[in-house]
Amino acid sequence: MNRGLLIVLSGPSGVGKGTVCAALRRKQPELIYSVSATTRAPREGEREGVNYFFKSREQFQDMITHDALLEYAEYVDNYYGTPREFVDKTLAEGKDIILEIEVQGALKVKEKFPEGVFVFLLPPSLNELKQRIVGRGTESQATIDNRLSVAVEEMNLLYHYDYAVVNDQIDSACGRIGAIITAEHCKRERFLHELFRELKELTAAENVSER
Ligand code: 5GP
C-alpha cells in the first residue's frame with residue numbers, strides 16, 4: 001500500500017488559509033485534517049479537538065519536551081504545533097493529511113518531510129492583502145504597516161514551495177488544491193515501487209512453476 005500524501009497549506013498571514021482549509025474539509029471529507037495544539041484561548045464557536053487542542057503553556061512545553069510535535073512555532077505571543085503521532089499514523093494508513101500552518105512551521109516540516117506537497121496560498125494582490133489585514137479589526141496604522149511588511153517578507157518564502165494557489169475565490173482555490181492532490185497521486189514515483197514489487201512476485205511465481 002502506498003503511503004498517504006502530506007499536504008502543507010501555508011502562506012502569509014491574512015491570506016485566508018483557515019477559510020480555504022475549512023472549505024476543503026467540507027468538500028473533500030476523505031482528506032484528513034491535522035488538528036493543531038495551541039496555547040491561545042478558544043474563540044467563540046471553536047471546539048476542543050475539532051479546531052484545536054487547547055493547551056496551557058506548561059502542557060505545550062511538555063509536548064515539546066516529549067518530542068510529541070512534528071513542528072511548532074510562536075505566532076502573536078502564542079504557541080502552535082502539529083501533533084506528530086496522528087500525522088505518522090494517517091500517512092502509514094495510506095491516507096492523505098493536510099496541515100494548515102504558518103510559514104515558519106511549514107519550513108520545519110519540509111526539513112523532515114521533503115517528499116511532502118507544499119502549497120503556498122497567495123492573495124490576488126498586495127492591495128487585497130492589505131485590505132484583509134485592515135478589515136480584521138481596529139489596529140493602529142503602525143500595526144497594519146508592520147503586519148503588511150511581515151506578510152511581504154513571508155511572501156518571499158514562496159520559493160520553498162511546490163505550488164502557488166491564488167486565493168481569489170474560495171471555490172476555485174479549493175478546486176485547484178484538489179487538482180494538485182490528484183496530480184501528486186499520479187506521479188510515476190508512487191507507482192514504480194509497487195510495480196517492481198509485483199514484477200518480483202510474478203518472476204518468483206514463474207520460476208517456481210518452471211521447476
Ligand atoms: P489562528 O490563531 O488564527 O487560528 O492561527 C494563527 C496562525 O497559526 C495561522 O497562520 C495558522 O495557519 C497558524 N497555525 C495553526 N496551527 C498551526 C501549527 O500547528 N503550526 C504552525 N506552525 N502554525 C499553525
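1. In which strand is the place of Leu70? In this structure, which is a predicted model, Leu70 belongs to strand β5, the run that covers residues 69-75.

2. Leu70 has a relative accessible area of 1%, and it is therefore counted as buried, given that the term applies to anything under 20%. Leaving aside residues up to four places away in sequence, the residues that Leu70 touches are Thr82, Arg84, Val87, Leu99, Val109, Lys112 and Phe113. Gly81 stands 11 residues from Leu70 along the chain, and the C-alpha atoms of these two residues are 7.3 Å apart.

3. Ser36 places a polar side-chain atom 2.6 Å from an oxygen atom of the ligand, while for Tyr80 the distance from a polar side-chain atom to a ligand oxygen atom is 2.5 Å. In the side chain of Glu100, an N or O atom lies 2.5 Å from an oxygen atom of the ligand. On its own the ligand has 510 Å² of accessible area, and the protein covers 89% of that area.

4. The last point is about the surface, where Leu192, Phe196 and Leu199 form a nonpolar patch whose accessible area comes to about 300 Å² together. Leu192, one of these residues, is located in helix α8, which spans residues 188-210. Its relative accessibility is 38%, so Leu192 counts as partly exposed, a class that lies between the limits of 20% and 50%.

Conventions:
Residues numbered from 1 in each chain as written. Predicted model: local features only at pLDDT ≥ 70, side-chain atom pairs only at ≥ 80, totals over all residues. Heavy atoms only, no water. Patch = residues over 30% accessible without salt bridge, like charges linked within 9 Å, V, L, I, M, F, W, Y side chains within 5 Å. Areas by Shrake-Rupley, 256 points an atom, 1.4 Å probe, with all protein chains shown as cover. Salt bridge = Lys/Arg side-chain N within 4 Å of Asp/Glu carboxyl O. Helix = DSSP H or I, 4+ residues; strand = E, 2+ residues; numbered from the N terminus. Buried < 20%, exposed > 50% of the residue type's maximum accessible area, 1.4 Å probe, protein only. Polar contact = N/O pair within 3.5 Å; in protein donor to acceptor, adjacent residues only side chain to side chain. Contact = heavy atoms within 4.5 Å.
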